[in-house]
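Please look at the sequence and the model below. The text that follows reads selected parts of the structure in turn.

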Amino acid sequence: MIGKVLVDVKSKNVDKMYDYSIPVKYKDFLQVGSRVIVPFGHRKVMGYCLEITKESDYDQELKSIERIIDVESYLNQELIGLAKEISKETGYLLISVLETILPAALKVMYKAKLEVLDFERLNSQLKPFFKNTYERYLEDIDDDLYTLVSKEIKSGYLKQNYEITKKNKSLSKRFVKLLTDHRDGLTDKQRLVFDYLKSRKDQSDLQQIIVHHLNITTSVLKTMEKHQFVKIYDQEVMRKVETFYHKTHADVVLNEEQVEVFNEIKSKLNKEHTILLHGVTGSGKTEIYMKAINEVIARGENVILLVPEISLTPMMIQRFKSRFKELVATIHSGLSKMEKYDEWRRIIRKEARIVIGARSACFAPLDHIGLMIVDESHESSYKQTDHLPYYAIDILKKRSKTHQSLLLLGSATPNIESYARVSRGHYQLLELKNRAMNSKMPTINIVNMVEEFKAGHKEDLSRRLLDAIKLRLDHSQQVILLINRRGYSNFLMCRECGHVFKCKNCDISLTYHKQTQSLKCHYCSYEEAIPHTCENCGSKAIEYMGSGTQKIENDLKALFPNANIYRMDTDTTTRKHSHEKLLHSFQEKGDILIGTQMIAKGLDFPKVTLVGILQADGNLFVPDFRAPEKTFQLIMQVSGRSGRRDTLGEVIIQAYNPEHYAVKYAYENDYLGFYEHEMRLRRIARYSPFYYLIQVDITGNSIKHILTFGMQVVKDIRRSLSTESIILGPSSEVRKINNKYTTSIMIKYKKEPEIDDVIRKAVTKYAEKDILMRVDRFPGVG
């Protein structure tokens, strides 16, 4: 038997599978997807066995696989195929794609352990290895018994664990187990231990609990172990992902509109199909998700549910855990490496059947997937923009085809491409036009900040908004204010010469952070002290320009000193669980919540009756063809946080360009009007959805080098594609981030069957050590 192994070496030259002979002792033990140790050149390296075949095309003597790391594989055939497809489309190394898919903790786990779960039912050939211990290293077991080990794992009598390197906190906890029924010769304290353990179900407990509960020292236990009354051992304990929310499940009765939508969703299960659920904010989409998931679980199939923000995940997890208990696993960046690893294993072992998480959960190793749901499917956070770029919805579309399952995209503001696919018959449209529980849509008012300034009011908060905030505080109601800029001031400028202080590593202005009294770059984390004079002309006339979340918080504390004010941005949510702690505190005792776009979606606070949007048009004029769409969606989404129960809500939009069509259609709550307007513009400009787009970013140390390099790439790509395709670039607008320069090439096409090969050949041909080429198939989404 031949194992085709992808070695863990990041080089284009070895980005392929190598054939190794599988020793007879591993023939029935090695699984596809398992990690192995193989000889490679003059060294031994770790690799992934991605295929097992009977014969090799290599006509010389093959080297053998030396050792197997995994008793159970953490990759299935579907994920391996998916990784190969992503590698082909993007030109990224296959090993890099696998590292993106798998939990990061696997990189350091090289020593497998076996733990006995049922000694009595364990095969007699294996019992001698576990006679005096509950754990053994896999390498301590005779190789000839590996097939039997695999069988016992599948039967549930053994379990695979790992010895963790010092880089991570140990997975193990120390346990004490009673070994005898006789208490003769024990001291008083030892008898306390004996009686306590005897009363336990499996006659064992954590050493820490025993010591604390019985008020004894560990020396008592060590003496008992020495005389073989007890055994002290380390055992792996799965980390539990807990939340601060403890919401019990209430079986909500769907209204007539929701029932109609649910029945249609149910009729489309068990087939490859995509439904776009367009429901206004507060229309009860989550309750429909809950019913649909229950239906799929009852059929014996599994579910993936994606949410856009870490801040939403704990609230969503608790809501579903209260209903589905231990069937729920979660994967998102707010978990530690080891928590992600534990959750991944729960999924592999089929202990969890519902996976909830942010974009990385799209790779969850579930089999028999019957339903995949993407909540707030328009959100750009489903796109990974650093490292390997991928779009979670695109990944789920591929998996929907593999599993012949339903993909459900829910949103109050679907992106333009999704809605266009409805009109072309690719997606089915279902609508929820009314809010649940008879709540009304909030009233929306616009404040023209240009007129506000003309009237002599030059503060960031308009008079109308300040009056509305005071009214809500007087009535013990809550307020949410959105300003999509963190920090105190956006930049520092010299009033004498106009010089703007920029990052030393990036071509980006530095942001003033009052709390640390420093200027920070939000791209590379460069930081410097506040200057007293202009570095260009020496003048002391330095002024703070623009406003961020910190400044608004500071102003509100001065205006409303008795109010409980919370700020939510990346500066206040760096610690673990900080998102949910902050939101939980606001819900319980807060008056005003200030935040960036992370507060715009999914949050459901019954007492919030006022939403204020500051600088609503602040992102309209960035060089991004999706800027109007993102502005419209942000206004609509944050507006939906207001008045979600009995009290009528209000939204106040502050803008300098209130006549811009994105602001105007949001004010009128007119999604279709915005969609039709945007489609007309995109048709003229030849943008998505009328053309497919691929952006190739070229990054290097020299502007001249990347532009010259880019022209060569464009020349090759243009020669390989039809004349109907449009190739733009390399762009003269070079970006500098972290001392690296980047230019872009944009490819617009309608039908190019060989586009994957063209891109891959270009990336391979022009691979250089000091040049990085990055392929993005969904430009502007992130």
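The model is a predicted one. At its start, a side-chain oxygen of aspartate 670 comes to within 3.5 Å of the backbone nitrogen of leucine 672. Just after the helix, arginine 686 adopts a positive phi of about 60°.

Which residues of α19 are buried? They are Tyr671, Gly673, Phe674, Tyr675, Glu678, Met679 and Arg682. An α-helix has 3.6 residues a turn, so residues three or four places apart point the same way. Within the buried set of α19, such spacing can be followed from Tyr671 through Phe674 or Tyr675 to Glu678, and on to Arg682. The cover over these buried residues includes the strand β12 (273-279) and the helices α12 (416-423), α17 (627-639) and α18 (661-667).

Tyr671, Phe674 and Tyr675 belong to a cluster linked by ring pairs, together with Tyr419, Phe632 and Tyr661.

Over the whole structure, a search finds 20 aromatic pairs. One of them joins phenylalanine 453 and tyrosine 656, with 5.9 Å centre to centre and 65° between the planes, an edge-to-face arrangement. This pair links distant parts of the chain, 203 residues apart: phenylalanine 453 is in helix α13 (residues 449-454), and tyrosine 656 is in the loop between β31 (650-655) and α18. Phenylalanine 453 has a relative accessible area of 30% and is therefore partly exposed. Tyrosine 656, at 35% relative accessibility, also counts as partly exposed.

A further pair is formed by phenylalanine 586 and phenylalanine 605, whose ring centres are 5.3 Å apart; their planes stand at 75°, so this pair is edge-to-face.

Arginine 424 lies over the face of phenylalanine 690, at 5.8 Å from the ring centre. The charged end of lysine 748 sits over the ring of tyrosine 687, 4.0 Å from its centre.

Two single residues complete the tour. Glutamate 343 is in helix α10 (residues 337-348), and its relative accessibility of 2% is why this residue counts as buried. A polar atom of the glutamate 343 side chain lies 2.8 Å from the backbone nitrogen of threonine 330.

Arginine 174 is found in strand β9 (residues 172-178). With 43% relative accessibility, arginine 174 counts as partly exposed. Leaving aside residues up to four places away in sequence, arginine 174 touches Leu206, Gln207, Ile232, Tyr233 and Asp234. Between arginine 174 and glutamine 208 the C-alpha to C-alpha distance is 7.7 Å, while the two are 34 residues apart in sequence.

Note on methods
Residues are numbered from 1 along each chain as its sequence is written. This is a predicted model: local features need pLDDT of at least 70, side-chain atom pairs count only at pLDDT 80 or more; totals for chains, interfaces and linings use all residues. Side-chain values use heavy atoms; hydrogens and water are left out. Helices (H or I, at least four residues) and strands (E, at least two) are DSSP runs, numbered from the N terminus. Buried means under 20% relative accessible area, exposed over 50%, partly exposed in between (1.4 Å probe, protein chains only). A polar contact is a pair of N or O atoms within 3.5 Å; within protein, one must be able to donate a hydrogen and the other to accept it, and residues adjacent in sequence count only if both atoms are side-chain atoms. Contact means heavy atoms within 4.5 Å. Rings of Phe, Tyr and Trp (its six-membered ring) pair if their centres lie within 6.5 Å; planes under 30 degrees apart count as stacked, over 60 as edge-to-face and the rest as tilted. A charge sits over a ring if NZ of Lys or CZ of Arg is within 6 Å of the ring centre and within 35 degrees of the ring normal.
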